[in-house]
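Subject: Structure for you to look at

Hello,

Please find the structure below, followed by notes on what was found in it.

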Amino acid sequence: MEIKGKVWKFGKDIDTDRIIPARYLNISDPKELARHCMEDDDPEFAKKVKSGDIIVADKNFGCGSSREHAPIAIKASGISCVIARSFARIFYRNAFNMGLPILECDEAVGSVSEGDILKVDIRKGVINNITRNEKYHAQPIPPFMQELINEGGLMKWIKRRLTTS
Amino acid sequence: MPMTITEKILAKHAGLREVHPGQFINARVDIALGNDITAPIAIKEFRNLGAKKVFNRNRVVLVPDHFTPNKDIKSAEQCKIIRNFAREQKLTHYYDGGDVGVEHALLPEKGVVVPGDLVIGADSHTCTYGAMGAFSTGVGSTDLAAVMITGELWFRVPESMKFVLKGRLNKWVYGKDLILRIIGDIGVDGALYKAMEFCGPTINKLSMDSRFSLCNMAVEAGGKNGIISPDNTTEAYIAKRAERRYKVYKSDRDAVYGDVREYDCSEIKPQVAFPHLPENTRNITDVGNIPIDQVVIGSCTNGRMEDMRVSARILRGKKVPSHMRLIIIPATPLIYKQSMKEGLFDIFLGAGAIISPPTCGPCLGGHMGILAEGERALATTNRNFVGRMGHPKSEVYLANPAVAAATAVKGRIAHPDEVVGKR
Ligand code: SF4
């Protein structure tokens, strides 16, 4: 799976209330949620993001609530991948379960600037910075999580197991 | 191989003799919980997969507590989805109307969760039940859907961190202060992916309500679960409530921990977490003069009986300033009733408080007490993120109910001793 897009950069400890404020949790439609993605940090974010773009954030991205509305809003906004130093654990689970690719990579977070163009090979965990002509290697994704990605998320994984057993 | 309590419960539910940190397992789930925010998405996935019946109607628990009583049309629609689903699936544990309470206060109180259980909830504070010696962790809606269908879920066995708490608690110091102190120490990702095991003489003497507050905020340090081995206090609490037989697990003496930390609790003062992260903690004595517009006492962290009684002790015979909005939210109908019976409502109303029906309400900026631009709240809740209780430019400070009640009386963050005097 190869992804190419422009970088939107965020700091550390970006919590789920910032990704999608609780006042929108009475909605579950992905497109509507996407309109409010990151809105308290940047009210124009949803308008500016182009399909394929990439979020690069510091440590503990997605901390706080278990709301799947957060990765749903990110994915529906057109973001193709999130790269961070680390992810909060429920966000990490949710992203794999619903098929939003995420990578942990200190090197990329330290070197990438907003607006850079990245080309990312999710499977290999290789991040190419086209703008700066640099290459970074992300933490390898555990085999089980690879399996979830290959399958297209947890529900598809379950479906296959239910039909084959 | 020696194991921690967390590893033992996970191994048992995965049908394995032993497990080790980092291992991926598929485990049987005893209780799966969803609320009015997370369950609608799970129900959609359940239907998308063509599932017809939940794996066990006694083990799927739905509690519409966040935006209820329905605050607007959109939330009413979300609640309707889960109400219809609960009825269709004949769920034993569906709580609505006058039976609803804040989920993490309600489930232990009803004996739905018991020691030794493996519990998942599509709500991050599901880690609360660790206080009863269960492995309990927050997950997302897709996970909930998976469990509703299969009764199982994938887990990565966490490494355990041990927190040994010693020393006598100071006056006005509770479970809330212990966990705030720990989060202030290790940071909001200090226990990322890890099990936080609490033990030691201070824990042994701690009330159940304080234990729930303590484990409730494990997720605020990034923890996967918080856990306390059951003892006599646990047994006394659960014996009269448990609706199933339960099993008590304890960590082996030589179990392996990634980190062991010791705290002398006699040095811990009431804590206040400053905006906008729970790790920004200070001693109440180092807070300075911070005027407050609204005080909220409630939530899955501090809306239990102990919290109501502590608040009443401070508020008795006092009156909050006219510009102060003091909102008190007993977390469950039983706590509501008991508070009324003990005459606490007279004290609260006499002090000028607003008593809300059990709901999450303002804790997540939902309803029943939203902040305007520039306003400041002090709350007994668990998160003070940007915009958590309303306007993105409002502020939330976190503290225990004694500090909260004293703050309401003074109109600024205050030490309980300032209100009731040293005794
Ligand atoms: S009281 Fe607050 S933290 Fe607890 S479940 Fe409700 S919204 Fe979440």
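How many salt bridges does the rule find across the interface of domain 1 of chain B and domain 2 of chain B? It finds 1 salt bridge there, a salt bridge being a side-chain nitrogen of Lys or Arg within 4 Å of a carboxyl oxygen of Asp or Glu.

Some conventions before the rest. This is a predicted model, in which local features need pLDDT of at least 70, side-chain atom pairs count only at pLDDT 80 or more, and totals for chains, interfaces and linings use all residues. Residues are numbered from 1 along each chain as its sequence is written, chains are lettered from A and ligands numbered from 1 in the order in which they are written, and side-chain values use heavy atoms, with hydrogens and water left out.

Domains of chain B

The domain assignment (automatic or from a database) divides chain B into domain 1 (5–247 + 257–263) and domain 2 (272–420). Taken over C-alpha atoms, the centres of these two domains of chain B are separated by 24 Å. In contact (heavy atoms within 4.5 Å) are 38 residues of domain 1 of chain B and 41 residues of domain 2 of chain B. The two domains of chain B bury about 3100 Å² between them, 61% of it on carbon and sulfur atoms; buried area is the accessible area (1.4 Å probe) that two parts lose on being put together, summed over both. On the domain 1 side, Val102(B), Trp172(B) and Lys176(B) lose the most area to domain 2 of chain B, together 23% of what that side buries.

There are 28 residue pairs in polar contact between domain 1 and domain 2 of chain B (both at pLDDT 80 or more). A polar contact is a pair of N or O atoms within 3.5 Å; within protein, one must be able to donate a hydrogen and the other to accept it, and residues adjacent in sequence count only if both atoms are side-chain atoms.

Asn382(B)

Asn382(B) lies in the loop between β16 (376–379) and β17 (395–398) of chain B, strands being DSSP runs of E of at least two residues and helices runs of H or I of at least four, numbered from the N terminus. Asn382(B) counts as buried because its relative accessibility is 0%; buried means under 20% relative accessible area, exposed over 50%, partly exposed in between (1.4 Å probe, protein chains only). Its side chain makes polar contacts with the side chains of His125(B) (3.2 Å) and Asn216(B) (3.4 Å). Asn216(B) is one of the buried residues of α8(B).

Chain A against chain B

The contact takes 43 residues from chain A and 47 residues from chain B. The two chains bury about 3800 Å² between them, 60% of it on carbon and sulfur atoms. Between chain A and chain B the count is 4 salt bridges. Glu32(A) forms a salt bridge with Lys74(B), with the closest N and O atoms 3.3 Å apart. On the side of chain A that touches chain B, the largest share, 7 residues, comes from α8(A).

Regards
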